[in-house]
Each structure stands twice: as C-alpha cells, then as structure tokens.
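Try each task before you read the solution.

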Amino acid sequence: MKLQRMNRRALTLGALAVSGALALTACGSDDTGSNEGGSTSSATAAAGDIKCDDAKGQLLADGSSAQKNAIDAWVKNFTQACNGVQVNYKGSGSGAGVTAFTQGTVAFAGSDSALKPEEVTASKSVCTGGQGIDLPMVAGPIAVAYNVSGVDDLVLDAATIAKIFDGKITNWNDEAIAKLNPDAKLPDLKIQPYHRSDESGTTDNFTKYLIAATPDNWKYEGGKAWQAKGGQSAAGSSGVAQGVKQTNGAIGYMELSYAKDGLGTVAIDTGASAPVKASSDGATKAVAAAQVVGTGSDLSLKLDYTTKADGAYPITLVTYEIACDKGNKAATLPATKAFLRYIASEQGQGILSGIDYAPIPDAIITKVRTTVEGLS
C-alpha cells in the first residue's frame, strides 16, 4: 500500500510538471510586455528551488522601469515560494531609484546605468563600512518603435535615427529614410518623436548608442536626462509606448517588452550583412562582448554600441541591481540576498527570454552569484 501511494504521488507530480511546462510554452505576452502565463508556470516549476532562508517582512525597492516587467515576473515567483516576504518595486525610473538608494529608503535599486563616482560616495553613508555596487542582472534591447500606417518593415541607421530625434528629419518620406527603404510606401506625414520626460537609464543607453555610432549627428553629452530640443515626452517606458501607440507618425525608444500591440520595431542597419531587429538573442550577443570595468565587488560593464557583428543588436542596455556590498540593514539583508540570489539563479534568468528580455551571459552572471552570496 505504501509503495502504491508513492507511485500515485510520483505520477501526480509528473503530470503537474508537464502541464506547467506546456502552459509556459503556450502563453503569450500581455499588452504591457509581462507574461502572466509564463510567470505562473515558472513559479510552479521553480518554487522548490528558491532558497528563502530567514527572509521575511517587506522589501522596498525602486528604479529602472526598463526591468519592471521582469521584476514583476520574478516577484510573483519569489513570493509564491517565500510567502513571508512582500517585495514592493516601484519602477519610478533609474534616477529615482539611485536617489532612493543613496537616501536609504530602499533595500536595493534598479538602474540601467552604473553608479557614478559621486553616487558611490553618497552610498557610503547608508552602507555602513561598505558602498553601493552594480550587479548586472537583466539585459534587453531598446527597441526603436514606430506607428506609421502602411509601413510594416522599417530600416534605419544610426545617422537617420539621430536626425529624427534631433528634429533634423521631420517627415516620413524624407529622402534619407526612402533610401534605406526603397520598397516601402512612405507617407507624406510629419514625424512625431517621443522621448522620456523623467531621468532614465533607457535614455542614457539610447544616447550612448547615438554618441558612439554617429558622433557627427549627435552632439549632446548624453546622460539620464533628455537633452535634444523638441519632440514629445512621456514618463516611463510605458508612457512613451502609449504615446507612440496613440499617434500616427510617432516614433520612440523603449524596451522591447513595451513595443507591443500594433507598434512596429525598426531594424538597425549596423553595417552587418543584414539589418538587425531588436530581439533577446540579439541583445545577448551584444552583451556577451561586454567588458567588466568595475573594481572589487562592482560588476559594471562596458558595452560596444558600434558592433557590426551579424545578429548583434547595438542598442542594448543592462540593468543593474544596486545593493550595499557591506552594511546592509539587518532587517532586510536576508530578504535582499534571497531575492537577488533567485533572480541571478538559472531559474530566475531562465524566464527572461520568454518575456522579451535577455539573460546575462554565463561568464558574467556566475560572478554576480558569487558576489550576492558575499553581501553582508
């Protein structure tokens, strides 16, 4: 009888695992880019592998809106396994997240740009005996998304993108766009470029690409705040996506997970054998060539925005989780380590491609896992 009960239990568990895997494969993304079906199935599959340790209470975090859809999926999985923890991630933008971290109001922050020297200095006041460090946790392509009736496949290069967002190219049937798209029926329609109104690591990485790839056409210094004149603005990646969706003739930059529901995405002419569209695989190829430039426990990366490698998407960002290497608050340290451990794990990284993000390459994420275990 005991053996029969064990066999029935094994068959039940096996059926559950198969049904979970099938659900993950079948479910698509919702209109914000999050994958509700995928999140649920991943949580079911991974819950037994998540180490909760002594994690409990509320974990406050803020920062990058670029990773918000990934964080939402991770939080769902993690809190299902560690039901004594509440994770509240606002996603107010990279600038807001770093400020909140250096002011000591959050346990960790998300930022699409590594900490600046002055921000590291500021972090020492809240990281007793330590400092804030950058942990690359999720990568993703920044899609150049557009809404132009009758145009389904659009190719642009760095120079043309720069001129569009700097107000130098103002109409969709401009000669420069037509030359890159000889088979497209480009309308006589005003271009409406959208940019972020808030300080954003997405803006920082997008403009780093323009500065590196076409310096003659993008004369601005770059940074988290948008510097070019004109155009429309909106808060957060979701706000930019919504603005582009509502405006025929609009174009904007946003993470791929937000470029949904009727938006086209530009294929970038990088000089490779074929134009490259935004994709998780393309982002992973780009990040794989990145160099670790941080020192000590810091793992900040230097990306190559001018890559011409086939299939490598050049406008790619890496989102860092920023935490104290030492001096984390005792009340939140167990939950912080448990959550960061999970999202850096094979299970945590494994859900990213299914929701339009890119996992961090093995050589880098292995270092992240070691660093997380050493947080104190």
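**Exercise 1.** Is P136 buried or exposed?

*Solution.* Before we start: this is a predicted model, where local features need pLDDT of at least 70, side-chain atom pairs count only at pLDDT 80 or more, and totals for chains, interfaces and linings use all residues. Residues are numbered from 1 along each chain as its sequence is written, and side-chain values use heavy atoms, with hydrogens and water left out.

Step 1: Buried means under 20% relative accessible area, exposed means over 50%, and partly exposed is in between (1.4 Å probe, protein chains only).
Step 2: look up the value. P136 has a relative accessible area of 0%, so P136 is buried.

**Exercise 2.** Find where P136 sits and which residues it is in contact with, leaving aside neighbours within four places in sequence.

*Solution.* Step 1: locate P136 in strand β4, residues 132–147. Strands (E, at least two residues) and helices (H or I, at least four) are DSSP runs, numbered from the N terminus.
Step 1: list the contacts, meaning heavy atoms within 4.5 Å. P136 touches L299, L301, V318, T319, Y320, I360, I364, I365 and V368.
Step 2: check one of them along the chain. L299 is 163 residues away from P136 in sequence, yet their C-alpha atoms are separated by 6.7 Å.

**Exercise 3.** Work out which residues of α6 are buried.

*Solution.* Step 1: count. Six of the eight residues in α6 are buried, which leaves the helix mostly covered.
Step 1: name them. They are A158, T160, I161, A162, I164 and F165.
Step 2: G167 follows α6 and has a positive phi, near 75 degrees.

**Exercise 4.** Describe how F165 and W226 pair up, and what the pair ties together.

*Solution.* Step 1: recall the rule. Rings of Phe, Tyr and Trp (its six-membered ring) pair if their centres lie within 6.5 Å; planes under 30 degrees apart are stacked, over 60 edge-to-face, and the rest tilted. A search of the whole structure turns up ten such pairs.
Step 1: apply it. F165 and W226 are edge-to-face, at 6.1 Å centre to centre and 65 degrees between the planes.
Step 2: F165 lies in α6 (158–165) and W226 in the loop between α8 (201–213) and β7 (232–234), so the pair ties together parts 61 residues apart in sequence.
Step 3: check burial. F165 is buried at 3% relative accessible area, and W226 is buried at 14%.
Step 4: zoom out. F165, F206, W218, Y220, W226 and Y253 form one aromatic cluster.
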